[in-house]
Every structure is written in C-alpha cells, then in structure tokens.
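Hi everyone, thanks for coming. Let me bring the model up on the screen, and then we'll walk through it together.

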Amino acid sequence: MSGVRVLAGTRKGAFVLTSDGTRKRWEVSGPHFAGWEIYHVKGSPADPDRLYASQSSGWSGQVIQRSDDGGATWAPVGNQFAYDGTPGTHQWYDGTPHPWEFARVWHLEPSLDDPDTVYAGVEDAGLFRSGDGGQNWQELPNLRGHKSGPSWQPGAGGMCLHTILLDPVQQGRMFAAISAAGAFRSDDAGQSWRPINRGLQSEGIPDPDAEVGHCVHRLAMHPSRPGVLFMQKHWDVMRSDNGGESWREISGNLPSDFGFPIDVHAHEPDTIYVVPITSDAEHFPPEGKLRVYRSRTGGDDWEPLTTGLPQENCYVNVLRDAMAVDSLDSCGVYFGTTGGQVYASADSGDSWEPIVRDLPAVLSVEVQTLP
Amino acid sequence: MIRVVLPAHLRTLARIDGEVRLDITGPVTQRSVLDALEARCPMLRGTIRGHDGGPRRAFIRFFACEQDLSHDPPDDPLPDAVAAGTEPYLVVGAMAGG
C-alpha cells in the first residue's frame, strides 16, 4: 500500500512523520539532530530513500546531513559553502556596502533525476550545487553576480535564497527567489540568470515596479505546466502564465494578501493554496482564525478552508517552506506552524487534522509519496 | 595524550562519548590540537572554527586550566598540564540562545 513521509524541520530538530495511504494514523520519529535548527529536509524525486537536511546553529554554523535509507540513519556530508572568487558586496540595511557572508542553507532542492545532484539556496543569497551527494559544493556564481547584485538588500529575516524550482519539461530551466531581491530565471542550468519581476508592485521600495528589490516570499509551479508560476509576495499573491516574463495579481477576495507559503494541488494545476497572514507587522492569521485559502480557478476567487483548524485565539505563523502536497488521490495538503503543529488534510484541504501539536516552531514541511 | 572535551551538540554530531584523546607530535598548540581533532572527526570541520584552520566561530570558546584561551594566538603553546594530559582542553559553546 502506498504511503507518505512528512519531513518537518523545526527550530530544535527534524521530525519524520509517516503514514500509510489512508493518512489517518501517524508514526512520529525524532527529534533528529536535537537542539539544532533544521531549516529544510527534502527527499530526492529520483530516489525516495535519499534525503538531505540543512542543520545549523548559532554556535557551530552549518552542517548538511544525508540519509540513504529514508531517514532511518543519517551522516554528515560537506558543509563548506565558499562563494566563488572575491565575493564583493551587497547593500546592508543602512545602505552601505556589506561583504557577502555565508550564514546558513535555507533550502535544499534535489535534482529531478539524479539523487547525487542537489542545489542549495543560502543566506547571504547565493545558489550552490553538489554533484556528489552533498560532499562538495560549488557556487553557481552568476546569480549572485548579476549586475544588480550589489544593490540587493536583506529583508528582516536576512538575505536568503529560499526557493529553487526545477522545470521538469524545459531542460536547463530553473527558477530562484530571494528576499528581498526578487525572482530570477535561468534557461541554461544556472549558468546565467535574469530577473523576472515585471508586473510586481512593492510599495515598500522606492521604485514600486523596479527590476529587483521585491520581497518574494515563495514561488510554486505544477510539474505538468511549468510555464505557469504562482507567487506569494510580501504583499500580493501573483501569477505568471509565461515563465515569469510578466506577473498579474490574483489576490482577489483574500482577507489579506500578505503571507509566506503557496502551493499547488498535485492533480489540479489551477488549484492553489495560501495561508493569509494579517500584515507584515502582525505575523498571525486575521482575527485569530487559522484559515487555508484555496482557489480552484488559478487565483482571484478564494474559499476559506477551516474544518479542523482553530477558529479562535490562534496566533501562529506558517513560514514559507512549511507547506507541501502529496500526490495521492485525493491530494494531501500539509503545513506546519510556528506553534509546533503539523496539520494534514487527506481531502485536498476540505478538512484538517493535526498530526502533531507540540513540536518546536516548524520551519519547513516536505512530503514524499511512497510506493 | 591530549584530552579534548567537546560541547554536547558536537559530541552528538561526531558520535563521541566522553573525551577525545589525541596524540600530537610537535608543539601542543590550539591550532595543532584542533587540526588533530578535525583529522580524527572530519564532520567537525567548520563547526568550531572556519574551514582550513580559519578563525574561531563567534560563539565558541576555548578554556583550559581555568583560563579563557579564546583570544590567545592559535600557535601559542598550551599549558603544560594540557600537553601532559592532566588537564583537558575545553571547547565550549558560549552561553547564548534559548
């Protein structure tokens, strides 16, 4: 019988949550790497037993862990992330030039077809690649080296490269998103990059429709239709129908268009999910009601999904990498909160149940659909 | 025989119980001890100091014989008691965080 494996990264360790295809009863293992911040854990699409985890701490910096048995055992691999050449500077909060300094890996994106190839999005924003299972990392320097790089500024959470999308159809096309620089696209496997932010409007920057400087929180695509992209921006939910060449707003009737994650239903490319958050200053759901919003029309028209979610006195946040979908039928949707809950829906969002309630603050959630 | 005591989170990472005991030929300095430690436990590279012998990480401290050696030059000799193995060399996570 098929099953699912939910990989949750938290402020104090990683947890692996497993269930059979009914998604009713769950086994919880962890904490793995107890006490360390686990920004992200993700499995290889080419080999579900191959997992990568980003482990870090304020004391001891970055470690990358790898599992070859689905998370039963782990071993540290390479943790040297050296920027290519002389790193140069970006803008600091006060507008002065600031040297690029590696802080941590926010996101790990395994290759679609090679378990040993994995990409890492890091803070200060840069993109790295390993072709040997994480032992050695080389920067793809022309993203950070884009002519606009010296003008990039960190968002409040640091200048992080948090989203990496690999196009399953167009060979060599990939997308990356950086807070607070914007979205970028490569059509040559990361060798060259250009900003794809036309149509974004950000009132928080001096030129609201500038080429770069936008605080993109998350990008999502459906693998069957990779030319269509969805974006949760600092404010505004956006859509592109041309691989990022231009964007239009699809916030529609959302109670707030501020938020962090966005994801797409596994079988319905126009069904998308967001979690509205009150504002940039109030990182909790409007009215204390935790609501996932679903659009079945690719945006603009949204419905609140509340069954099983707290509808009073709820003031958690859902971070950008903390939502994922499985590919069972019906599609499962999962998200984790800063309050330590991981919620699951086995019916495309119609109803929800917590898998666990009291983990450390959840930083990331990924799901593997197992044969 | 040099005795090194690591903080708990690094013992877990390196899968070590108790002290690490290292044989060092030549001068016993902070650099030579850390070089030998990282050779024994490669997963510790980058977690105590920068890669390739780079500077100490900001929230790591080095103590021995009730002295803070964190700001001493890395090639200074360690106290005789450390070199003789009667006192351990302590790698400490600074009091920080929550």
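Let me begin with a definition: the radius of gyration here is taken over C-alpha atoms, and the rule for a globule is 2.2 Å times the number of residues to the power 0.38. Chain A has 371 residues, for which a compact globule would have a radius near 21 Å; chain A has 19 Å, which agrees. Its C-alpha trace spans about 50 × 45 × 40 Å along the principal axes.

Some housekeeping. This is a predicted model, where local features need pLDDT of at least 70 and side-chain atom pairs count only at pLDDT 80 or more, while totals for chains, interfaces and linings use all residues. Residues are numbered from 1 along each chain as its sequence is written, and chains are lettered from A and ligands numbered from 1 in the order in which they are written.

What is chain A built from? It has 1 helix and 30 strands. Helices (H or I, at least four residues) and strands (E, at least two) are DSSP runs, numbered from the N terminus. Two strands pair if DSSP finds at least two bridges between them.

Strand β1(A), residues 3–10, pairs with β2(A), residues 13–20, in the antiparallel sense over 8 bridges, and a hairpin of 2 residues joins them. Within that pairing, G9(A) has A14(A) as its bridge partner. Next, β2(A) runs antiparallel to β3(A), residues 27–32, with 4 bridges joining them; here L17(A) is partnered with V28(A). This second hairpin has 6 residues between its strands, and R23(A) in the turn has a positive phi of about 60°.

Now, the inside. A residue is buried if 20 or more other C-beta atoms lie within 10 Å of its own, exposed if 12 or fewer, and partly exposed in between, with C-beta atoms placed from the backbone. On that basis, 54% of the residues in chain A are buried. A nonpolar core is a set of buried Ala, Val, Leu, Ile, Met, Phe, Trp, Tyr and Cys residues joined through C-beta atoms within 7 Å. The largest one has 125 residues, and V6(A) is among those that touch the most other members. Contact means C-beta atoms, placed from the backbone, within 7 Å. Beyond four places in sequence, the residues that V6(A) touches include L17(A), Y334(A) and V365(A).

Is Q62(A) buried or exposed? Q62(A) counts as buried because it has 21 C-beta neighbours inside 10 Å.

In total, 13 residues of chain B are in contact with 12 residues of chain A. Helix α1(B), residues 8–14, gives the largest share of chain B's side, 3 residues.

Finally, chain B itself. Its 5 strands form an open sheet in the order β2-β1-β5-β3-β4, with mixed pairing. Strands β2(B) and β4(B) stand at the edges with a single partner strand each, so one side of each is left without a neighbour in the sheet. β1(B) and β2(B) pair in the antiparallel sense over 3 bridges, with V4(B) opposite V20(B).

Methods. Contact = placed C-beta atoms within 7 Å.
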